[in-house]
Amino acid sequence: MIIPSILENSLAKFNQRFKSISSLKGVKTLQIDFADGELVATKTLTIDEIQLPKTKFFYEAHLMVTNPKNFVDYAANGFKRIILHYEAFGQEQELEVALDEITKLKMVPAIAISPTTAVSVLRYYTDTIKNFTLLGVAPGKQGQVMMPDTFDRLRELRDLAPNANIEMDGGVNAENIAELIDAGATECVVGHALLEGDIQENYKNLLEALK
């Protein structure tokens, strides 16, 4: 239910984050954020600069990248789910081609939308895609405050895709995580609220909030 995320442009910091997250009990999925400095202002490490160890984690890649390609590289690095931004493609046909490529590589395709994108654009995909990510902040930077209309957008997406897996990403913390689950989120991605400070204490607070 809680998915830690790593967004880094330093390999040393990336490895430090990874080690800290690996110490948490019960974490099954780990999200790695990739950003190219074009779709979003942030630029992170690339898929060629990291090597994920074979662990218990289900790895997912959140691609904040314009017209992402080279999905074979992600499969080779152990990723099981690839999250594509709807906004990353000039045409919906290009997005559909990318989703098909990911499926052919035996990874799980998912679609993310930014706060400025209408939830309704996803109605064309709910019959074929079962994984969606809803951004509660502008993508590319951790530590932001969740936008106030996020809960309404989350409920709208849950109504649109009643049987889908919906990730909530951006601005998630111990104060709002339970309400997000109640509003329809299946999983919550946590970066800043987990990694800044005492990670064990932060994780404990998140778990307590879900009880």
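Modeller: Let's start at Pro-109, which sits in strand 5 (residues 108–113). Helices here are DSSP runs of H or I with at least four residues, strands are runs of E with at least two, and both are numbered from the N terminus. Before going on: this is a predicted model, where local features need pLDDT of at least 70 and side-chain atom pairs count only at pLDDT 80 or more, while totals for chains, interfaces and linings use all residues. Residues are numbered from 1 along each chain as its sequence is written, and side-chain values use heavy atoms, with hydrogens and water left out.

Is Pro-109 buried or exposed? Its relative accessibility is 12%, so Pro-109 counts as buried (buried is under 20% relative accessible area, exposed is over 50%, and partly exposed is in between, with a 1.4 Å probe and protein chains only). Skip the neighbours within four places in sequence, and Pro-109 is in contact with Ile-82, Leu-99, Ile-102, Thr-103, Ile-129 and Asn-131; contact means heavy atoms within 4.5 Å. Pro-109 and Glu-60 are 49 residues apart along the sequence, yet 9.8 Å apart in space, C-alpha to C-alpha.

Step back to the loop between helix 3 (92–104) and strand 5, and you'll find Lys-106. With a relative accessible area of 78%, Lys-106 is exposed. Lys-106 is not a glycine, but it has a positive phi of about 65°. For background, most residues other than glycine have a negative phi. Asn-70 also has a positive phi, near 55°.

Now for some rings. The structure holds 7 aromatic pairs; rings of Phe, Tyr and Trp (its six-membered ring) pair if their centres lie within 6.5 Å, with planes under 30 degrees apart called stacked, over 60 edge-to-face and the rest tilted. One of them joins Phe-18 and Phe-57, edge-to-face, at 5.9 Å centre to centre with 90° between the planes. Phe-18 is in helix 1 (residues 11–22) and Phe-57 in the loop between strand 2 and strand 3, so this pair ties together parts 39 residues apart in sequence. Both Phe-18 and Phe-57 are buried. Phe-34 and Phe-79 have ring centres 5.9 Å apart and planes at 70°, so that pair is edge-to-face. Since Phe-34 lies in strand 2 and Phe-79 in strand 4 (residues 79–85), the pair ties together parts that are 45 residues apart in sequence. Phe-34 and Phe-79 are both buried. Ring pairs link Phe-18, Phe-34, Phe-57, Tyr-59, Tyr-74 and Phe-79 into a cluster.

Next stop, strand 8, where Cys-188 is found. At 0% relative accessibility, Cys-188 counts as buried. Leaving out neighbours within four places in sequence, its contacts include Met-1, Ile-2, Ile-3 and Met-168. Cys-188 and Ile-166 are 22 residues apart in sequence and 8.5 Å apart in space, C-alpha to C-alpha.

Strand 8 is also among the elements that the buried residues of helix 7 pack against, along with strand 1 (2–6), helix 1, helix 5 (177–183) and helix 6. Which residues of helix 7 (residues 199–209) are buried? They are Ile-199, Asn-202, Tyr-203 and Leu-206. Looking down the axis of helix 7, these buried residues fall within an arc of 100°, so they line one face of the helix; the arc is that of the directions from the helix axis to the C-beta atoms.

For contrast, take Pro-162, in the loop between helix 4 (150–160) and strand 7 (165–169). Its relative accessibility is 53%, so Pro-162 counts as exposed. Pro-162 and Ala-178 are 16 residues apart in sequence and 19 Å apart in space, C-alpha to C-alpha.
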